[in-house]
Amino acid sequence: MDEQRWDLSRRTFLAATAAAGVAGAAVPGVAAAADSAGITGLSEVDWAKFLAAQDPVWRKLPAEWWQGPFLGDGRLGSIIRKEPGRNAIRFSVQHAEVQDHRPQFGSGHGVCRLPVGHLTLEPAGTITGVDWRLDLWHGEFTGTVTTSAGTLRLRAFVHTTRSVLLAQVTPSGGERVRWVFHPEPAVSTRPDPPAGYTPNPDPVLDTSGAENVVRQELLAGGQTATAYRNPAWTSGEHTLLLAVAHSFPARTAEAEALKLVREAAAAGVAGLVASHREWWHAFYRKSFVSLPDERLQSFWWIQLYKTATGTRAGGTVMATCGPWFEPTGWPAVWWNLNVQLEYWLIHGSNHVELDAITSTLRDNQAQLIKNVRPEYQHDSAGVGRSTDRTTLKGSYVARPGDGGGSPEVGNLTWALHNVWLTYRHTMDSSILRETIFPILCRAINYYLHFLKPGADGKLHLPETHSPEYGNAPDCNYDLALIRWGCRTLLYANEKLGKNDPLAAKWRQVLRELVSYPKDKNGFMIGAGVPYEKSHRHYSHLLMVYPLYEITGEDPAERALIETSIKHWHALQGAHRGYSYTGAASMLAGLGRGDEALAYLLKFFDPSTRYPVTENTMYREGSPVVETPLSAAQSLHDMLVQSWGELIRIFPAVPRGWADVTVDKFLTEGAFEVSAVRKGGRTRWVSLHSLAGSPCKVRHGILRPIQVSRPDGSPVLFRERPGGVVEIDLPRGGTAVVHPQGALPDLTIAPVKISAPGKPWGLP
């Protein structure tokens, strides 16, 4: 997409959200503009019916964070479950922006996420049963609670643009409605506070007109406020409205929370329901995926819902729990894997309006510079292992070769790869100019201070840290990121017409950088440090995935990748969910769909130590959200890949998936791809260009082929070896690759389920 169109989308969205009274509006990017492109063929998707089949359901009362229905708008989040030890239903009330502001105590205590509180719905009778549903199509929770006294009928959602929780309860029989808000202490949930750490003061409860207010003052300044309107009980329907606001250093949160609640009340329940549903219906229609595996298909759609409830561009990047904060040892943002995995789903699903990484890095470049020591701030930048959620404050990035500690240097460069993916999926040059080029220059400059020639004439890196494994010189984690970073800078330099004097240095690094350390077992951690203990992280394999610096298209490289994956997973014990999703994506890159699926299914196997949980969340001791989202990306990698200037259609579909449909799947080069596979064969592929980029596609259709416009008129194309076709496709143009002859039926519809599975939740 060109810059003018991107900016128009941005202005249109901002105007619409401003009219709705939304603060901090997100940027929709290509997804907003793509609505006009439409589905290539006729759509036979009954969206309400189709998504209802993906809904999680609960016939048992969930007791834990990782079991209950979840709501959110990227800021305010709630998970619904049993109140521990009591006859009540808990609605957690947490907010992504609520944090402390005392950086002297580090990310775990000083700039950590802080709890807000929770609501309890307290029935008159004893709870005897529930019948709940997370209605994906409407973005809301519905159901009933049956008690010894009667029934409570529930509906709740966090309004997707107003950031207000609406909870409606209708009692019957001898039941009545009683809500109680419970503030939670504004202290870090991480154990062992450092010396000198003092907890924030207790919250203060007050009223302001029709609203109750809980004010939480902070020792560092600023405040958090929760405002809620809880009308007196009536025999009919009861509606509670609640909002949370956080301000620093100003003490304006109370006024902001009250404003949110009062404006929602003025809009009325019917208006709130209508606008909320309108947003969700438009959101889902931006792309479509249908698989013959019922449980995986449902899982994918729940992850799409989860991402939209967890984050938005212009908002905070997701911390380890997303907006659904829960006691955790990781109450901050982690940059050595968590953030990156959380956001891969947004690209193929055509939802770059959810990209908070790009906006966060763009808006906090000054802090990224401050994150390196003063002697490097003139030309460098970095981000530590963990920071707060907006300003990116954390400890200094350690210096390579300092000895001891964990000099984890590559995290900013890896985060910029996510920004690169957003650029490549939109081709918006402002992302390249304003974010990638200036920040990546500084991230690579930091490395350049430490790269030195060795006796072999190659450039070597002193000891750095391979995340979660250990230290090593010539660490593969960093060598992969340096190579990717220099290639990307040279691309951006040419694309932007920069003629940067550092270009010669980047070329030198690519020529002279030492090769990746490897041994008989594949890629090592670094020079002299073999991979010899079980390790959940694939930090030493980033050159394989997601960077695709080593692709396996050369037979020797392919053997090296296969050996590395096999050895990585041969040493068991420390593997976790994302160990399986990472291996699945790597094997998908090699076109090995059955093996990719087998690894992915380990994440869904309840006999593994840390599988996906009942509500599709995840935990490794503490709750975390990144791994299920990366599992959705593993499915993407089986369905469509687009690295290396080539779009690959169904490159790693398992043999058991005879039928698959994707529609408006966004690829690099800013193409919306639609494709249908039936009976184990690709029947047609449509490509709609949003930016006019060069179009090369490995289509998988049996020859002879032809390429047509949707009206059947011919399109010029060139066939290349390996089943690749090149098409000259202008911006706004659409081409259909199909078997020679008449244009096939281009209908988009769900595929038939061949592998039935039970719903998610507690059915």
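Cysteine 486 is in no disulfide, and the nearest cysteine sulfur, which belongs to cysteine 441, lies 9.9 Å away. Cysteine 486 is buried at 0% relative accessibility, and cysteine 695 is likewise buried, with a relative accessible area of 4%; buried means under 20% relative accessible area, exposed over 50% and partly exposed in between, with a 1.4 Å probe and protein chains only.

## Serine 630

Serine 630 sits in helix H19, residues 626-639, where helices (H or I, at least four residues) and strands (E, at least two) are DSSP runs numbered from the N terminus. Serine 630 is buried, its relative accessible area being 2%. Leaving aside neighbours within four places in sequence, serine 630 is in contact with Leu341, Tyr578 and Thr581, contact meaning heavy atoms within 4.5 Å.

## Basis of the values

The model is predicted, and local features need pLDDT of at least 70, side-chain atom pairs count only at pLDDT 80 or more, and totals for chains, interfaces and linings use all residues. Residues are numbered from 1 along each chain as its sequence is written, while side-chain values use heavy atoms, with hydrogens and water left out.

Notes:
A disulfide is a pair of cysteine sulfur atoms within 2.5 Å.
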